[in-house]
Amino acid sequence: MDFVSPVLDTVKCLWDCCDKRAVYIRELPENLKSLRNEMAELENVYKDVNKRVADERKHQKEIKHVVTGWIDSVEAMKREVNDILTEGEDEIKKKCLGTCCPRNCRASYEIGKMVSKKIDAVSQLCRKADNFQEVAASLPTPPVSQVAAPLTTPLVIQVAAPLPTPPAIEAGAAPPPPPAPAVIELPLENTVGLDSLSEKVWRYLQDDKVTTIGLYGMGGVGKTTLLKRINNEFFKTNIEFDRVIWVVVSKSASVEKVQELVLRECGCLDNRWKGRSEDEKARDIYNILKTMKFILLLDDIWEPLKLLKIGFPLLNDQNKSKVIFTTRFLNVCEAMGAESIKVECLKFNEAFALFQTVVGEATLNSHPRIPKLAKIVVEECKGLPLALKIAGAAMRGKTTPQDWEKNIKLLQSYPSEVPGMEKDLFRVLALSYDNLSKAKWPKTKSCFLYCSMFPEDWEISCKQLIELWIGEGFLHEFYKINDARTEAEDIIDELTLACLLESNQSKTHVKMHDVIRDMAMWLAGENGKKKNKCVIKEPGGWIEGHEIAEWKETQRLSLWDNSIEDFTEPPNFQNLETLFASGESMRSLPTRFFAHMPVIRVLDLSNSELTDLPAEISTLITLHYLNLSKTEIQSLPVELRNLTELRCLILDDMEKLETIPSQLVSSLSSLQLFSLYASLGCNGDWGFLLKELENLKHVSEISIPVRSVLHAQMSANSQHLRRSIRRLSLQDCTGMKTMEISSYLQILQMWRCFDLTDVKINLEKGRGQNLSNLSEVEIVRCPKLKHLKLVAYARNLLSLTIEYCESMQEVIVEDEEIGISEVEQCSDAFSVLTTLRLSYLSNLRSICGGALSFPSLRELTVKHCPRLRKLPFDSNTNCLRKIEGEQHWWDGLEWEVQAIKHKLNQHFVPK
C-alpha cells in the first residue's frame with residue numbers, strides 16, 4: 001500500500017492547483033461586484049483630489065508631480081477597469097445550456113484573475129491619496145511686473161529703477177492662472193420669449209451624452225441674449241462646473257485669436273503667453289483645463305472651430321465638460337457635431353411684450369389710438385427682437401397718433417430711414433450676406449437679392465425661382481438646364497443654412513423674412529443710395545403715369561397685382577432688365593408699354609387676366625425668359641418668333657390658349673426650356689409641337705400634354721424628346737395598351753387611357769431599371785391597368801395617386817423578369833413618399849407584399865377600396881399625420897400587431 005501515499009500526495013497537489021483556478025471562475029460575479037464598489041470609492045476620492053487641485057490652481061499654486069501622476073494613473077485605471085467589467089459581464093452570460101459552468105473555462109479563469117488583481121490595484125490607488133496632505137506648493141514670487149494686483153490693493157510702480165525682464169517660461173509648461181471667479185455675471189437685457197429654449201438647453205446640459213450644443217438662427221433673433229442668460233443662470237445657481245468660459249469669437253477670429261481670448265478668460269496674464277506659438281498656447285490651455293469640468297460659451301461663430309487645435313481637452317461623458325455656441329449657420333452646428341437648437345422669431349404676444357418694454361408704458365398710454373398703432377409696428381417687425389428694439393427706441397417719446405402714422409408709413413415704405421434701422425439692424429443682418437460663399441460670389445449674392453422681388457410673406461416656388469435665375473443669366477455657364485438646376489439648388493441650400501431664407505418641410509418653396517427682405521431691398525438699392533434701382537410695389541395698388549416717369553433708371557421692376565394707368569407717351573425703360581407684372585389686377589397693359597425696353601431679359605406676366613399680347617413684344621429681342629402661365633391669352637402672336645434669344649418659355653395652366661402659330665416654337669433657336677403643362681386648350685393635345693421641339697438642339701426640358709397615341713409614341717421613340725420631357729400628361733389615348741416612359745421623367749399623369757394594361761420603363765443603354773427622377777405619379781380612370789410595378793424603381797417618389805382603376809389588385813407586384821421580391825422593391829420606392837391617395841379601386845387587395853416603415857409618409861387617403869384589408873405599415877411608421885377613409889373600412893382592417901393600429905388611430909379622419 002506504500003504506492004498509495006505518493007498518489008494521494010499527487011492528487012492533493014493537483015486538487016489544490018485546480019481549486020485555486022476554480023476560485024477565480026467561481027467567484028467572478030462576486031469579484032466583479034467588489035471591483036465596482038472599489039472603483040466607485042476611487043472615483044469619489046478622485047473627485048475630491050481634483051476639486052482641491054482646481055482650487056489650488058486658482059490661487060496660482062503649482063500642483064505637485066506626485067499628485068498629477070496619481071491623477072493620470074486613476075484616469076488610466078478607469079479605462080482599464082471599464083474594459084474588464086465589460087468583459088467580465090459578457091463572460092458570465094456565456095454559460096453552458098442548463099448549467100452554471102462557463103463555456104470557456106480558460107477565458108473565465110483569465111478574466112477572474114485580472115479582476116482579482118485589479119481589486120488590489122484600485123484599493124492601493126485609493127490608499128495613496130491618504131498621503132496628499134497638500135496637493136500643491138506656492139510658486140516663487142515673480143518680479144513686480146508679472147504680478148496682477150488684487151482689486152483691493154493699489155498697484156505701486158517704482159519709476160527710479162527699470163522693471164526686471166520676466167523670466168522665460170519653460171517650453172511646454174502651462175502658465176498657472178491667477179485667482180478668477182468660476183463664472184462672471186454678464187449684463188443682460190430683457191429675455192422675453194426665451195424660457196422654453198433656455199429649459200431645452202438645460203435639459204441637454206444634464207444629459208451626459210450631449211457634449212456640444214449649437215444655438216442657430218438669423219441675425220438679431222436673440223441668440224446672444226439666450227447665451228448670456230445661460231451664463232447668468234450658472235452665476236445664480238450652485239453649479240457643478242469648475243469654470244464657465246465666455247468667448248466672443250466674431251467673424252474674423254483665427255485660432256490664435258480665440259486662444260488669446262480663452263487664456264485671458266482663464267486669468268492668464270498677457271506676458272505669460274505673448275510671443276508663444278499656436279501649439280504652445282494650445283498646450284497651455286490644455287494643461288489648465290484638462291483636470292477641470294468646464295463650460296465653454298462661444299458667441300458668434302461663423303465657421304466650424306477645431307476645439308482640439310485651440311487646446312480644449314476632448315469632450316466626453318467622462319470629464320462632463322460642455323460647449324455651447326451661437327451661430328447664424330445650421331451647417332456650422334452640423335460640422336461641430338452639436339445638438340442644434342433653432343432660435344426663432346417671437347410670436348406676436350411675446351413680440352408686443354418686448355416692444356412694450358422698450359417703448360415704455362408712458363408712451364403707449366399717451367393716447368387711446370397709440371396701442372392699436374403699436375400693434376401695426378410690431379406686426380411689421382415680424383417677431384425679430386433686434387427690429388422690435390430699434391423700432392421701439394424710434395417710437396419712444398412719440399405721443400401723438402400723427403407721429404406714429406408718419407413713422408409707420410416710413411417703416412413700410414423706406415425702413416432704412418427709420419432711426420437706427422440702417423446702422424444697428426441692416427448692417428448687422430448684412431454680415432450674413434457678406435459671408436456668402438466666395439466660391440460662388442457674386443452669383444449667390446445676386447440670387448439672394450433677387451428673392452426680395454416677391455411680395456411680403458410670399459411662398460416662392462423653388463422651381464419658378466430657379467427658372468428666373470436661369471433667365472437672368474445668373475447660371476449662364478451651364479449648357480444644360482439640369483446642371484443649372486443642381487447648382488441653383490445648392491445656392492438655395494446655402495441661403496437656407498445661413499437663415500437668409502426659410503424653407504418649407506417638403507423643400508418645394510422658400511420664404512424671406514420681412515426684415516431680411518427689407519435689408520435685401522436696401523442692399524439692392526446700393527445701401528439705400530439708389531432707391532429706384534429696384535422698385536417693388538406691394539400688391540393691390542394703382543400706378544399712375546407720373547410714378548412710372550420716375551423709374552427711368554430702374555433695373556428691376558416688380559408690379560405684383562397692380563393696375564397701371566394708361567398714358568399718352570410710352571415709358572422709357574432704357575435700363576430695365578426685369579419686369580414682373582403679375583396678379584389678377586393686371587387686366588391690360590398700357591399702349592406701347594414694351595416700346596422702350598432695349599435690354600430686358602425677364603418678363604413675367606403670369607397669374608394675370610391679360611387676354612392678349614401687344615405686337616411690340618417682338619421688339620424685346622434681348623428677352624431670355626417669358627412666363628404667361630395662368631393668363632387668359634387665347635392666341636400667341638406670331639411676332640414672338642423674333643425672340644431668338646429666348647431660353648425659357650412657360651405657358652402652364654393657360655386654359656383658354658387655343659392657338660400657337662406653326663413654326664413659332666421652332667424659330668426660338670436658343671430655347672432650352674418649354675413648358676405647356678396643364679394647358680387644356682386645343683383639345684388638350686399639343687403633341688403636334690413635338691416635331692418642332694425635336695429639331696431645337698438646345699432644348700433639354702419639356703413639359704407637355706398629349707392626347708393621341710401617335711404623339712405618345714413619338715415622345716417615347718425620339719431619343720431627344722425622351723431625354724428632354726420632364727412632365728408628361730397623357731389623356732384620352734384610346735387604343736394605347738402599353739406605354740414606355742423615360743428614366744428622365746419627373747412627373748407622370750395618365751387620365752382616361754381606357755385600353756392601357758401596362759406601363760413600362762424605357763431601358764436606355766446604361767440606365768437600367770431606374771426612375772430616380774420620378775417624383776409624382778397620378779393615374780386616373782385606366783380601368784384595365786392591373787398594377788403599377790414601375791413605382792418600385794422610383795426611389796425618390798414623393799406623391800402617388802391612383803383612382804378609378806377597377807382591375808388593379810396590387811400596386812406593386814413581384815418583378816419576375818429580375819426576380820426581386822415585392823418587399824425589396826418597395827423599400828426604396830416608398831422611402832421618401834409623403835402622400836399616397838387610393839380611391840375607387842374596387843379590386844385592390846394589396847399595396848405591396850410586406851410591412852414597411854414608410855419613413856416619410858405624412859398623408860394617406862383610402863376611399864372605396866373595400867377589398868383592401870391590410871395596410872403595409874410596421875412599428876416604425878412614425879411620420880403619418882393624417883389618414884382619411886370610411887369609418888367601416890378602418891374598423892374592419894386586419895392588423896398583425898394591434899399596437900400599430902392604436903398608434904395610428906389618433907390620425908384617422910373618417911370621410
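Because the model is predicted, local features are taken at pLDDT of at least 70 and side-chain atom pairs only at pLDDT 80 or more, whereas totals for chains, interfaces and linings use all residues. Residues are numbered from 1 along each chain as its sequence is written, and side-chain values use heavy atoms, with hydrogens and water left out.

The protein chain has 28 helices and 30 strands, these being DSSP runs numbered from the N terminus (helices H or I, at least four residues; strands E, at least two). Of its 911 residues, 48% count as buried, where buried means under 20% relative accessible area, exposed over 50% and partly exposed in between, with a 1.4 Å probe and protein chains only. Among contacts (heavy atoms within 4.5 Å) between residues at least 6 apart in sequence, 61% join residues at least 24 apart.

Confidence is expressed as pLDDT, the predictor's value for each residue from 0 to 100; its mean over the protein chain is 83, and 86% of the residues reach 70 or more. Where pLDDT is low, the predicted coordinates should not be read in detail.

In the loop between strand 2 (136–138) and helix 5 (195–205) lies threonine 191, which is buried, with a relative accessible area of 18%. Not counting residues up to four places away in sequence, threonine 191 touches Thr225 and Arg229, and its side chain is joined to that of arginine 229 by a polar contact of 3.2 Å, that is, a pair of N or O atoms within 3.5 Å, of which, within protein, one must be able to donate a hydrogen and the other to accept it, residues adjacent in sequence counting only if both atoms are side-chain atoms.

Further along, helix 7 (residues 255–265) has Val258, Gln259, Glu260, Val262 and Leu263 buried, and this helix is followed by glycine 267, whose phi is positive, near 90 degrees.

Finally, Val377, Val378 and Cys381 in helix 14 meet Ala387, Leu388 and Ala391 in helix 15. The residues of this contact divide into six nonpolar, no polar and no charged, with Ala, Val, Leu, Ile, Met, Phe, Trp, Tyr, Cys and Pro counted as nonpolar, Asp, Glu, Lys and Arg as charged, and the others, Gly among them, as polar.
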